[in-house]
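Good morning, and thank you for coming. Please look at the display first.

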Amino acid sequence: MARETTRALRLCLHHMALLRRPPHPAASLQRNRPFSSLREGKRRGLLWKTLVGVSVGVPVAVGVRYAASEPRDRRRMKILTEGFGRFCRCLSVGLVISGDYWWTTNVALRGQDEVQYIDLRDRFDGDIRTLEILLDVVKFMHPTFGFRWVLKDLKGTLGQELDFENEAKNSERCAEELKHFSFVVVPKVFWEQTSKRVMTAEFCDGCKINDVEEIKRQGLSLKDAADKLIRTFAEQIFYTGFIHADPHPGNVLVRRGPDNKAQLVLLDHGLYQHLSQRDRVALCKLWRSVVLRDEAAMEEHSKALGVKEYFLFCEMLLQRPINMRELGLSNILSREETTYMREMASERFDSIMRVLKSMPRPMLLVFRNINTVRSINISLGAPVDRYFVMAKSAVRGWGNIQAARTGVLPRLWVFRWVRTTWEGLKFELALRWEMAAMSLTRSFLGLLSYVGLVSLDADVYEYLR
């Protein structure tokens, strides 16, 4: 009896403890929730059910309607569905671009990042194959238009742009080879944050090289900027042989340097081309012979580059007509010269193709570099004699190559300086001598014609003019 009484007492005490325990927070919250909150919860539940019903029911209803429709109605529904899908995709792309624009204009970063699209490598081979098929189709329709070999030769070089680690190495090599140019800046690469798909580099501000108004607003000289641009890439073409193949205005920025003069910032080092020393020597001599109007040397050095039609090759290289009777080369073509170049491109297209196929393959991207720099110089108003500046760089580059050959004396920087200075002086003297001799010849023939000792035909009059 006592045992049962004790058990009943323990049970009562346990129940009293349960009754004295504070209520659970969730239960209290549930009990104290106002009636309006319960109504809002029911509304949200109803809205969710409605959205689920619409998202499931509408496609089912459209599918049933599509299955029961006539073929003509099916085509209309298919066109409408595809149009709506394209609209949504366009809207998505527009929102992404708008967000990127806002980010780039309102957020200041301490570095410069290049991020590769996730499927770019997968699409590269397919895109190249598509271009090859299109070029085959164009060649079938126009047999003379055969540029498939260009794409085949450049496929490997173009593929290098997909490797950002390779681009980072290119930028460091460019900075090392141009370090003697104090006006050239290459952004520093942060290797800790760089991979094959992401490259992080130092942020460098500046305006595009062809932004004339901004360059003037900064108080910089257009002539100084153009001269430094030409010298920089001429150094790569004629001496280092490691050539930036995509120097468009977006990849070359201008800003004020420590000396208050123009400073160049070189970007995007993904596409580079290497020119062998043998081809560089031939190209240096060829450019010098073109400026000096040495036709025999033009033919000799063109053949060294594998090209027999030397005169056409030289005009393609300079992108202008070459008049052997005068030394000056205008940077801006006259109307007659422009007409001549257009007629040459249309009437001698087969010969141009033979020249392109016969010259060394790296020269294709060298042509691109030269033509891009030419275009930028023109956009700046052609303040610099590009041909003469490049000829001086060619002579200096050839002198450096000669002085750098194996031996005891070439290892001394004094010997190199003397050699390059001597070659540059010989070029200057040869050019001045040719110009003086041509001027004296014109004056002498004009004097003889004036006093009536000789009669000159139309060709000679054109030469004197």
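Let me begin with terms. Two strands pair if DSSP finds at least two bridges between them. Helices (H or I, at least four residues) and strands (E, at least two) are DSSP runs, numbered from the N terminus. What you see is a predicted model, in which local features need pLDDT of at least 70, side-chain atom pairs count only at pLDDT 80 or more, and totals for chains, interfaces and linings use all residues. Residues are numbered from 1 along each chain as its sequence is written, and side-chain values use heavy atoms, with hydrogens and water left out.

Four strands form an open sheet in the order 2-7-6-4, and their pairing is mixed. Strand 2 (184-185) and strand 4 (207-208) are the edge strands, each pairing on one side only. As a reminder, strands of a sheet pair through backbone hydrogen bonds, either parallel or antiparallel.

Strand 7 deserves attention. Strand 6 (residues 252-256) pairs with strand 7 (residues 262-266) in the antiparallel sense, over five bridges. Helix 9 (residues 222-240) packs on the sheet and touches strand 2, strand 6 and strand 7; its direction makes about 40° with that of strand 7. Contact here means heavy atoms within 4.5 Å; axes are lines fitted to C-alpha atoms, for helices over the stretch in contact, and angles run from 0 to 180 degrees between N-to-C directions.

Strand 2 pairs with strand 7 in the parallel sense, over two bridges. Which residue of strand 7 is the bridge partner of Val184? That partner is Leu264, and Leu264 is also the bridge partner of Val254. Val252, in turn, stands opposite Leu266 of strand 7. Strand 6 and strand 7 form a hairpin with five residues between them, and in the turn Asn260 has a positive phi of about 65°.

How covered is strand 7? Five of its five residues are buried, where buried means under 20% relative accessible area, exposed over 50%, and partly exposed in between (1.4 Å probe, protein chains only). In a regular strand the side chains alternate between the two faces of the sheet. On one side of strand 7 lie Ala262, Leu264 and Leu266, on the other Gln263 and Val265, and all are buried.

Most residues other than glycine have a negative phi. Asp268, however, has a positive phi near 55°; Asp268 sits in the loop between strand 7 and strand 8 (272-274). Because its relative accessible area is 23%, Asp268 counts as partly exposed. Ala382 has a positive phi of about 50° and lies in the loop between helix 15 (363-379) and helix 16 (386-403). Ala382 is classed as buried because its relative accessibility is 18%.

Finally, confidence. The pLDDT, which is the predictor's confidence in each residue from 0 to 100, averages 77, and 70% of the residues score at least 70. Over residues 24-33 the pLDDT is below 50, and this stretch has three contacts beyond near neighbours in sequence. Residues 459-465 also have a pLDDT below 50, with 13 such contacts in the model. Thank you.
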